[in-house]
Amino acid sequence: MKNFESVADVNQLGSLIQKGMNLKADPLQAEALGKGKTLVLLFFNPSLRTRLSTEKAGINLGMSVINMNAGQGWQLEFEDGKIMNMDKAEHIREAAAVISQYADIIGIRTFPSLTDRERDYSDFILHQFMRYASVPLISLESAIRHPLQSLADLITIEEHKTKARPKVVLSWAPHPRALPQAVSNSFLEWVNRTDAELVITHPEGYDLAPQFSHGIPVTYKQEEAFEGADFIYTKNWSSFNQYGKILSQDPSWMITPEKMALTDNGKFMHCLPVRRNVVVADGVLDSDASLVIHQANNRTYAAQAVLHEILSTL
Ligand code: AN0
Ligand code: CP
């Protein structure tokens with residue numbers, strides 16, 4: 001593995017999941033692998049889980065970890081050929097090359113604009129970094145994907161599934177702010193590489209990008225989707241077609257204990273952060289059906305599995 005931005009970078013998904021579970025059982029087993037290596041994590045947007053779990057993953061592998069709130073530094077120019085006489089003080093060509101002098105692996109979090117769909121869906125900022133960095137790069141959530149989250153989610157499903165082919169439902173839920181499609185896009189492409197039965201449910205107008213949703217059944221009837229489900233993966237996203245817009249805040253889409261009762265003893269999943277009693281009712285989040293803290297815990301071992309793969313090639 002050179003860079004890590006999507007499931008397409010993974011050769012053997014089953015063995016990457018197993019590697020995560022194996023590292024979880026004995027987190028310090030590969031402490032020597034990262035000795036003398038530096039992980040630099042750049043955050044253009046806020047983070048609680050990704051920041052702490054990826055840092056912990058690096059430390060567990062013996063790496064030195066440097067975190068930076070990249071939004072607070074120089075404003076970077078990402079476009080080539082610009083006359084830089086406005087607000088941008090440094091070009092990505094220099095910035096990525098310079099960071100590569102200090103880092104053996106770079107991690108980047110960069111959210112979408114939610115205004116320029118074409119640019120967001122080209123994953124412009126992540127790809128400009130990849131182009132001009134000389135060391136491997138991992139996505140800590142880009143404009144359109146969140147691969148470390150998805151890997152942690154698959155580890156969590158593997159740990160909790162009771163059937164070889166579980167029914168996994170991706171359900172939209174309401175939210176007061178316009179959120180990225182990244183977590184949902186990624187979840188679909190990762191689960192699609194497993195044997196699970198995948199169903200999407202959302203209100204009209206919330207279709208995800210065809211490159212991610214292609215071939216997966218969609219229903220506008222949330223309760224119908226929940227019937228017999230083993231995992232309810234909940235996430236709000238803003239519209240892809242009316243790009244970045246909030247089309248509905250319909251509270252009847254919130255996940256409740258009554259809806260969970262339609263499932264086959266189903267588990268509730270969410271990447272967090274989550275707004276209580278908007279996205280999901282307290283009664284679900286505080287029940288034994290909720291896996292959200294397990295998912296957050298598995299973020300460390302997902303990151304450790306990926307860093308382990310990349311470190312093994314250095
Ligand atoms: C972000 C999102 O929806 O992509 C990060 C989730 C991991 N969520 C918020 O900004 C609330
Ligand atoms: N799930 C997740 O990525 O959370 P953070 O935004 O806190 O990193």
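1. Ala, Val, Leu, Ile, Met, Phe, Trp, Tyr, Cys and Pro are counted here as nonpolar, Asp, Glu, Lys and Arg as charged, and the others, Gly among them, as polar. On that scheme the shell around ligand 2 divides into three nonpolar, four polar and three charged residues, whereas the shell around ligand 1 has six nonpolar, one polar and two charged.

2. The model is a predicted one, in which local features need pLDDT of at least 70 and side-chain atom pairs count only at pLDDT 80 or more, while totals for chains, interfaces and linings use all residues. Residues are numbered from 1 along each chain as its sequence is written, chains are lettered from A and ligands numbered from 1 in the order in which they are written, and side-chain values use heavy atoms, with hydrogens and water left out.

3. The residues around ligand 2, meaning those with a heavy atom within 4 Å of it, are Ser47, Leu48, Arg49, Thr50, Arg109, His146, Gln149, Cys271, Leu272 and Arg299. Its polar contacts (pairs of N or O atoms within 3.5 Å) include a polar backbone atom of Leu48 at 2.7 Å from an oxygen atom of ligand 2. An N or O atom in the side chain of Arg49 is 2.8 Å from an oxygen atom of ligand 2, and a polar side-chain atom of His146 also lies 2.8 Å from an oxygen atom of this ligand. Taken alone, ligand 2 exposes 260 Å², of which the protein buries 94%; such areas come from the Shrake-Rupley method with a 1.4 Å probe.

4. Around ligand 1 stand Phe111, Glu141, His146, Leu179, Pro180, Lys235, Cys271, Leu272 and Pro273. The side chain of Glu141 has an N or O atom 2.7 Å from an oxygen atom of ligand 1, and a polar side-chain atom of Lys235 lies 2.7 Å from an oxygen atom of ligand 1. Taken alone, ligand 1 exposes 330 Å², and the protein buries 83% of that.

5. The largest pocket is lined by 27 residues, of which Arg109, Phe111, Leu179, Leu272 and Pro273 lie nearest its centre. Helix H2 (49-60) and helix H7 (182-191) are the elements that give two or more residues to this lining, helices being DSSP runs (H or I) of at least four residues and strands (E) of at least two.

6. Leu272 and Pro273 are joined by a cis peptide bond, with omega about 5°, and Pro273 is placed in the loop between strand S11 (267-269) and helix H11 (282-285).

Definitions and conventions. A polar contact is a pair of N or O atoms within 3.5 Å; within protein, one must be able to donate a hydrogen and the other to accept it, and residues adjacent in sequence count only if both atoms are side-chain atoms. On a 1 Å grid over the protein atoms alone, a cavity is a set of points where a 1.4 Å probe fits but cannot get out, and a pocket is an open set with protein on both sides within 12 Å along at least five of seven lines; lining residues have an atom within 4 Å of a point.
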